[in-house]
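Please read the points alongside the model.

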Amino acid sequence: MEQLGVFETATEACVAATVAQKELVLKYTLEDRDRFIGNIRKNIIGNMEMLAEMEFDETGYGRLEDKLAKNTGAVMLSQGTEAIPQNMYASDKGLTVEYYAPFGVVGAVTPVTNPVATVVGNGIANVAAGNAIVFNAHPSAKKTSARAVHLINKAVIEVGGPGNLFTMPAEPTLDSLNEIMAYPSVKLLIGTGGPGMVKTLMCSGKKVIAAGAGNPPSIIDETVDLAKAAAGIYESASFDNNLLCIAEKELFVVDTIFDEFMKRLESVGAYRVNTEEGKRLTDICVVKASGGSYAANKKYVGKCANIILKAAGIKINNDPRMVIFEAQNDDKLVHTEQMMPIIPVVRCKNFEEAVERAVAAEHDCKHSASIWSNDINRVTAFGKVINTTIFVQNGGTMAAFGIGGTGTNAPTIATPTGEGVTGPQSFVRRRRFCMAGGGNYLL
Ligand code: NAD
């Protein structure tokens, strides 16, 4: 079957995107871009079950029902052209307008943990910005990514837009990424993934918007409603088997409520294992990485808890969404971005110790963190020192993306480069037009 936008080589994908981007800017208006985006949303939602199933089958990660919710949020809550700002300065000396222009062709690297949402979300944001986009998809999600690229191209063509605004090489590799990075009309690189990818993009000599790894901690203190905190964390940390980069990965709980909080987590459905079993789980979930550090064992990333429990020799008859155990602060799992529904919980003698430990576990990724507390002074104090891009009080971290809270949704949270939750406003160039000496009309 023909796949719109999918090319044999990366260079062909760049050539086609370059032609399409010129056409977009010269022949179409902002209203046209809105129309394209509207039809992309409609067509992707219409194909959502098929895309979620493909994502689940090809990657083997996560939970199908959660992928439907995740991808729907990414499509429906993403921003369009309305997010592009306009500034104006006027006085009796003249009129100056700042407005925002496309970068041109963008190269985008996408993760295996979130392929559909990243292709569609980056696609919508870039067409709003006036860019065309060449994806170098994760090789383990290339078929699903190609299907998403096909569908968003089809949606644009259906309502009279240019073909090939979204392209990709059929066989993405490190070589194809090098070709995309070196291609002259590619002016901006967007990377969503781990630290190796961010480093590679940074070496390209081109502008990079990088959305890197995290290890989000959550603090729970004695001032909060423990039943609500347990339910909120259970829902968020177990979502799609903890694949989301924003999902809570380790919990720091104040000693006076530790035992009560663990019971509350169990009562909402978490399966508690003892310290020895927790150690066995850690031994299989974490592997040695280069430079003496640790990394998640890819064999168990995104897998259901019962599969991981079985692999660790722990017998279980049901399928809990999440496993918890009391961990020591220096346990490997506390300090590794596991992306598995196995959550270590650390007992802390007081709030101050919880803050110190949470900051250390976040490893200055500047990604995400949360706190369950009704003491606003504590919330402020933690927020100041953790200094993450996403910081949530009394909710799952997904709340910052409009799921259980208020906000827009985006699959690319630019952490090391500082753009934060990205949108069309992140992928444009600021320009200034000045009408000098002619502003008397205004005063
Ligand atoms: P990954 O780093 O293994 O792969 C991400 C992408 O980068 C893939 O397309 C891969 O082919 C490519 N890649 C990998 N190593 C590379 C290298 N050395 N040079 C160039 N390209 C390389 O990550 P993943 O397993 O696909 O995704 C999970 C990671 O992504 C987690 O660390 C997660 O936190 C992060 N992530 C971050 C965000 C965010 O918005 N900040 C969103 C989703 C995922």
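1. Two strands are taken to pair if DSSP finds at least two bridges between them. Helices (H or I, at least four residues) and strands (E, at least two) are DSSP runs, numbered from the N terminus. On that basis, 6 strands form an open sheet with parallel pairing, in the order β1-β6-β5-β4-β7-β8. Its edge strands, β1 (6-7) and β8, each pair on one side only.

2. The model is predicted: local features need pLDDT of at least 70, side-chain atom pairs count only at pLDDT 80 or more, and totals for chains, interfaces and linings use all residues. Residues are numbered from 1 along each chain as its sequence is written, and side-chain values use heavy atoms, with hydrogens and water left out.

3. UniProt lists residues 9-398 under "domain: Aldehyde dehydrogenase", in an unreviewed entry. UniProt positions are given in the numbering used here, feature names are shortened, and annotations may be inferred rather than shown by experiment.

4. Which way do the residues of β4 point? Val-105, Gly-107 and Val-109 point one way, Val-106 and Ala-108 point the other way, and all are buried. Buried here means under 20% relative accessible area, exposed over 50%, and partly exposed in between (1.4 Å probe, protein chains only). In a regular strand the side chains alternate between the two faces of the sheet. Strand β4 (residues 105-109) is accordingly described as mostly covered, with 5 of its 5 residues buried.

5. Strand β4 has parallel partners in β5 and β7. It is joined by 5 bridges to β5 (residues 132-136), the two strands running parallel, and Val-109 stands opposite Asn-136 of β5. Another 5 bridges join β4 to β7 (residues 186-192), again in parallel, and the bridge partner of Gly-107 in β7 is Leu-189.

6. Leu-189 also stands opposite Val-208 in β8. Strands β7 and β8 run parallel and are joined by 5 bridges. Strand β8 (residues 207-211) is mostly covered, 4 of its 5 residues being buried. The chain passes from β7 to β8 through helix α8 (residues 195-202), in a right-handed β-α-β crossover. Right-handed means that, with the strands pointing away from the viewer, the path from the first strand over the helix to the second runs clockwise.

7. A right-handed β-α-β unit is also made by β4, helix α5 (residues 115-129) and β5.

8. Strand β16 (residues 368-372) runs parallel to β17 and is joined to it by 4 bridges; Ser-370 stands opposite Val-392 in β17.

9. Contact means heavy atoms within 4.5 Å.

10. Asn-43 lies in helix α2 (residues 30-46) and is buried, at a relative accessible area of 14%. Asn-43 touches Ala-155 and Glu-158, leaving aside residues up to four places away in sequence. Asn-43 and Ala-155 are 112 residues apart in sequence, yet their C-alpha atoms are 6.4 Å apart in space.

11. How many aromatic pairs does a search of the whole structure find? It finds 2. Rings of Phe, Tyr and Trp (its six-membered ring) pair if their centres lie within 6.5 Å; planes under 30 degrees apart count as stacked, over 60 as edge-to-face and the rest as tilted. The rings of Tyr-28 and Phe-36 have centres 5.4 Å apart and planes at 70°, so this pair is edge-to-face. Both Tyr-28 and Phe-36 are buried.

12. For Phe-382 and Phe-391 the ring centres are 5.5 Å apart and the planes are at 70°, so this pair is edge-to-face. Phe-382 is buried, with a relative accessible area of 0%, whereas Phe-391 counts as partly exposed because its relative accessibility is 29%.
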